[in-house]
Amino acid sequence: MSVTRLDVSQLHACVGGLADLLVDTVADGASVGFLAPLDRTAAIAWWEERAAAVAAGQLAVWAAREGGRTVGTVSLAFPDKPNSRHRAELVKLMVHRRARGRGLGRGLLMAAEQAAIDAGVTLLHLDTETDSLAERLYGSAGWTRAGVIPDYAASPAGVLRPTTIYYKYVGATALTR
């Protein structure tokens, strides 16, 4: 299995596989911003819309591939405000159902954290559906639970669910905290 940070041309080349991964993730009930059923054409369009942010350096996207298929992804969103350059948001960590249970989610998380450190980022944050499987991953990877917002986002089934906010200091800052 290989995990690669995608440039714009690689993102365009992987759009179909990333879309299939997004459709699978939503079909499995993960709250990643979409309602079920998610149409593959809409998923492709969503990924294609990310290309401008990747080109501008505002978004970093990784894809994990195995046997020619995209089985995982994670992204880092970098703020464009001068007072926010020390932080980034971890977004869209997804692992295909058939690739789960082998440490891929943790590997993708570690790749994004290292890239954040390399970019001079010292603080990461994310949100995830409360009581989801993802919460166990973030907790075991040293992320700190900041709080819960009730009725924050609809699940793929359209039911309002709470969201948990997490943060993590990385790099030298993490060593002094």
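**Figure 1. T163, a buried residue in strand β7.** At 4% relative accessibility, T163 counts as buried (buried is under 20% relative accessible area, exposed is over 50%, and partly exposed is in between, using a 1.4 Å probe and protein chains only). T163 sits in strand β7, residues 160-169. Helices here are DSSP runs of H or I with at least four residues, strands are runs of E with at least two, and both are numbered from the N terminus. Who are the contacts of T163, leaving out residues up to four places away in sequence? T163 touches D127, T128, E129, T130, G147, V148, I149, Y152 and A153, where contact means heavy atoms within 4.5 Å. A word on the model: it is predicted, so local features need pLDDT of at least 70 and side-chain atom pairs count only at pLDDT 80 or more, while totals for chains, interfaces and linings use all residues. Residues are numbered from 1 along each chain as its sequence is written, and side-chain values use heavy atoms, with hydrogens and water left out.

**Figure 2. The whole protein, for orientation.** Count up the secondary structure and you get six helices and seven strands. Along the sequence they follow the pattern β-α-α-α-β-β-β-α-β-α-β-β-α. The C-alpha atoms fill a box of roughly 45 × 35 × 35 Å along the principal axes. The radius of gyration is 16 Å, which agrees with the value near 16 Å for a compact globule of 177 residues; this radius is taken over C-alpha atoms, and the globule rule is 2.2 Å times the number of residues to the power 0.38. Buried residues make up 40% of the 177. Take the contacts between residues at least 6 apart in sequence: 58% of them join residues at least 24 apart.

Figure 3. Helix α1 covers residues 8-27, 20 residues in total, and reaches 27 Å from its first C-alpha to its last. That is close to the 28 Å expected at 1.5 Å a residue (the expected span is 1.5 Å times one less than the number of residues). Where is the kink in α1 centred? Look at C14, where the kink is about 55°; the bend at a residue is the angle between axes fitted to the seven residues ending there and the seven starting there. Just after α1, G29 takes a positive phi of about 100°.

**Figure 4. The buried residues of α1 and what they pack against.** The buried residues of α1 are L11, C14, V15, L18, A19, L21, L22, D24, T25 and V26. Their packing partners are β1 (2-6), α2 (40-49), α3 (51-55), β2 (59-66), β3 (69-77) and β4 (87-95). Zoom in on D24: with a relative accessible area of 9%, D24 is buried. Setting aside neighbours within four places in sequence, D24 is in contact with H96 and R97.

**Figure 5. L90 and the largest nonpolar core.** This core has 27 residues, and those with the most contacts inside it are W62, L76, L90, L108, L124, Y138 and W143. A nonpolar core is a set of buried Ala, Val, Leu, Ile, Met, Phe, Trp, Tyr and Cys residues joined through side-chain atoms within 4.5 Å. Helix α4 gives the most to this core, with six residues. L90 belongs to strand β4 and is buried, at 4% relative accessible area. Apart from neighbours within four places in sequence, the contacts of L90 are V74, S75, L76, L109, A112, H125, L126, Y138 and W143. A second, separate core of 22 residues includes L6, C14, L18 and A51.

Figure 6. Most residues other than glycine have a negative phi, and most peptide bonds are trans. Which two residues does a cis peptide bond join? The pair is A36 and P37, with omega at about -5°, and P37 is in the loop between α1 and α2. K92, in strand β4, has a positive phi of about 55° although it is not a glycine. K92 counts as partly exposed, at 24% relative accessibility. D131 also is not a glycine, yet has a positive phi of about 70°. D131 lies in the loop between β5 and α5 and is exposed, with a relative accessible area of 65%.
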